[in-house]
Amino acid sequence: MLAISRTLRATDIARVACSRLSSSIHRQQTAYGTSTRFSSTTPAYKGHIPLNWFENAFLAAGSAVMSLADPRRGDMIAALGETTAGPSLPRLRDRMLESAEGRKVLKDRPRVNSATIDMNKLAQYPEGTFGRAYVTWLERCGVTPDTREPVHYIDDPELAYVMQRYRECHDFYHCICNLPVNVESELALKFFEFVNLGLPVAAISAAFGPLRLNSQKRHRLFSEYVPWAFRCGGSARSLITVYWEERWDQNIEDVKRELGIWDPPEARWSRPLSEAKAAAEKRRRETAPQSS
Amino acid sequence: MLSLSRSLRSSLPKAARLNCPRYITTQSSSTTPSSSETTTSRTASFGFKTVPEESKESLVKDVFDSVASSYDLMNDATSLGVHRLWKDSYVSALKPGRKGPMRCIDVAGGTGDIALRILDYARENYADRETSVAVVDINAQMLKEGFRRFKKTMYHNTPQISFHEANAQALPSEVFPDNTFDLYTIAFGIRNCTSIPSVLEEAHRVLKPGGTFACLEFSRVNNPLLSTLYDQYSFTMIPLLGTILAGDRDSYQYLVESIRKFPPQPEFAKMIREAGFATGDDVDGGAWQDMWGGIACVHKGVKL
């Protein structure tokens, strides 16, 4: 199994390298015959949109502005993360390779969405387990695991998976740190993620996100949550290496102790968002059209 | 994707050279069947892809359903506001209302840019409040945007403006009888139609003898330097602006590709003549008038 995954990774790398070398100068048909465009152009995986350095920079700047202007544009925050990732993704991939659990994640490449996570099964786990805590957290906040944009702008397929994994595990970090989904908790978690994982997008969000808070919330963020984030995130194990899907039945306090995480100051939990309810309604309508 | 040497590349037939793996992303995201499955049916171009003729209409509908709400914003962003100059120039050259009140039909005119300019021009220059424009579009979402825009003007609820959902290739004859209109305009819409000759035939049918057909469309840029810059801008910036502002890369990728697939100026002028219109000579300033080096172009014809 390991040999196969190693070969697969090698062929991925070889394919990207070949496509880079041979198609770095790409000829495109125009009114005049062919014109030269400099970019790596063969998509390396489904949904891959290769960008050259100028497009990457432009998208980074544009998505930064748009994320600040309209934080509900999840696709813009995703694009910002991918265009600014740079060397942080290989570093995370190497961190995963250093631990046995991380290697297993890279080999299995588990995805987190409502097809792969059986919410009903998780709800039946005993109280105090990670699986039960996760489902409870999802319902309490009113979110589903389906709202993550796929990766488009990372050229290497394995690094694209690392990015996708980071994005999909964000909710697990919420759960393990016991934080809701309001703006100040998201920012606290962004500080935590930056210290723990080192992604530039976490730093950018942490730097500019507080502009959207009023001064009282900002004060609370910087006086209580940021010290927690720095201390806890810095000393905890790198969370990208955790195979969350194999820990459903473990006691959540044990998991937290193993990872080196302790609770932040008590957060403000508000009414659940309507996302989860809408998604559950949609699921019910799709799966049981003949009922009632 | 191997890069072939220049001599080998030039010896290949032109069709084989038209491959753009960069734009494979539009293929993977679309749900069209491959044209090899339906070899007997006719095909049309959807950007750089080839699709069965029947599907083009629904694919274009999806594109415009998606872009309708941010259409005007995206026009301003991608053309840096220049589209306003082109449309102003287009309508001013037509001088609607000069010879008295006109009945105009603006096809693919969803958001009402041209219709509004026609009515304003007639009102401001000739004190004409009898000229009317029928806005026709195949896409209901675009018409809704147009209706909303006209609600903010003085023409709302007057006989000067009406909105119709119809296919430019087959205008219903109960609503649009033969020999009805003095002016037929179509701005930035004809390249999205499946069969350009059908649109031209319908235009010929509904126009009165002596009526004018005027088409504003993106066209071929002949200057090599401008063409290179324009291509770079189109294929780099426009899909990115679509991603950032509208969250929709694929629709804008289709739009820039469809511009490249549109016939060049002399060919389109020929198609207009074949539909029965009289045009000027096949030069810039004759049958067509280039704007900004050919980025946009106005083709005119008169029904005899």
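Helices and strands here are DSSP runs, numbered from the N terminus; a helix takes at least four residues and a strand at least two. Keep in mind that this is a predicted model.

**Exercise 1. Work out how two helix pairs in chain A are arranged: H2(A) with H3(A), and H9(A) with H11(A).**

What do you need to know? Two packed helices are described by the angle between their axes and the distance between the axes.

Take the first pair. Helix H2 (residues 53–69) of chain A and helix H3 (residues 74–83) of chain A have axes that come within 8 Å, crossing at roughly 140°. An angle has to be over 145 degrees to count as roughly antiparallel, so H2(A) and H3(A) end up oblique to each other. The hand of this crossing is left-handed.

Then the second pair. The axes of H9(A) and H11(A) also come within 8 Å, but here the crossing angle is roughly 30°. Angles under 35 degrees count as roughly parallel, so that is the label for H9(A) and H11(A). Their crossing is right-handed.

**Exercise 2. Track down the salt bridge of A:Glu184 and say which parts of the chain it links.**

First, the partner: the side chain of A:Glu184 meets that of A:Arg268, at 3.2 Å from N to O. This pair ties together distant parts of the chain, 84 residues apart. A:Glu184 belongs to helix H9 (residues 183–197) of chain A, while A:Arg268 lies in the loop between helix H12 (252–259) and helix H13 (275–287) of chain A.

Finally, compare the surroundings. A:Glu184 has 10% relative accessibility and counts as buried. A:Arg268, at 40%, is partly exposed.

**Exercise 3. Sort out the other salt bridges described for chains A and B.**

Why look for such pairs? Side chains of opposite charge can pair when their charged atoms come close.

In chain A, A:Glu127 bridges to A:Arg132, with 3.5 Å between the closest N and O atoms. A:Glu127 is exposed at 66% relative accessible area, whereas A:Arg132 is partly exposed at 26%.

In chain B, B:Asp76 pairs with B:Arg84, and the closest N and O atoms are 2.6 Å apart. Both ends are partly exposed: B:Asp76 has 23% relative accessibility, and B:Arg84 has 44%.

Some bridges share partners. That is how A:Glu101, A:Arg237, A:Arg247 and A:Glu258 get joined into one network.

To wrap up the count, the whole structure has 36 salt bridges over all chains.

**Exercise 4. Find where B:Asp128 lies, and say how far B:Asp128 is from B:Arg98.**

Begin with the loop: B:Asp128 falls between helix H7 (113–126) and strand E4 (132–137) of chain B. With a relative accessible area of 4%, B:Asp128 is buried, because buried means under 20%.

Then the distance. B:Asp128 and B:Arg98 are separated by 30 residues in sequence, and by 9.0 Å in space from C-alpha to C-alpha.

Key
Residues numbered from 1 in each chain as written. Chains lettered and ligands numbered in written order. Predicted model: local features only at pLDDT ≥ 70, side-chain atom pairs only at ≥ 80, totals over all residues. Heavy atoms only, no water. Axes fitted to C-alpha atoms, helices over the stretch in contact; angles between N-to-C directions. Parallel < 35°, antiparallel > 145°, perpendicular 65-115°, else oblique. Left-handed = near helix turned anticlockwise from the far one by under 90°. Buried < 20%, exposed > 50% of the residue type's maximum accessible area, 1.4 Å probe, protein only. Salt bridge = Lys/Arg side-chain N within 4 Å of Asp/Glu carboxyl O.
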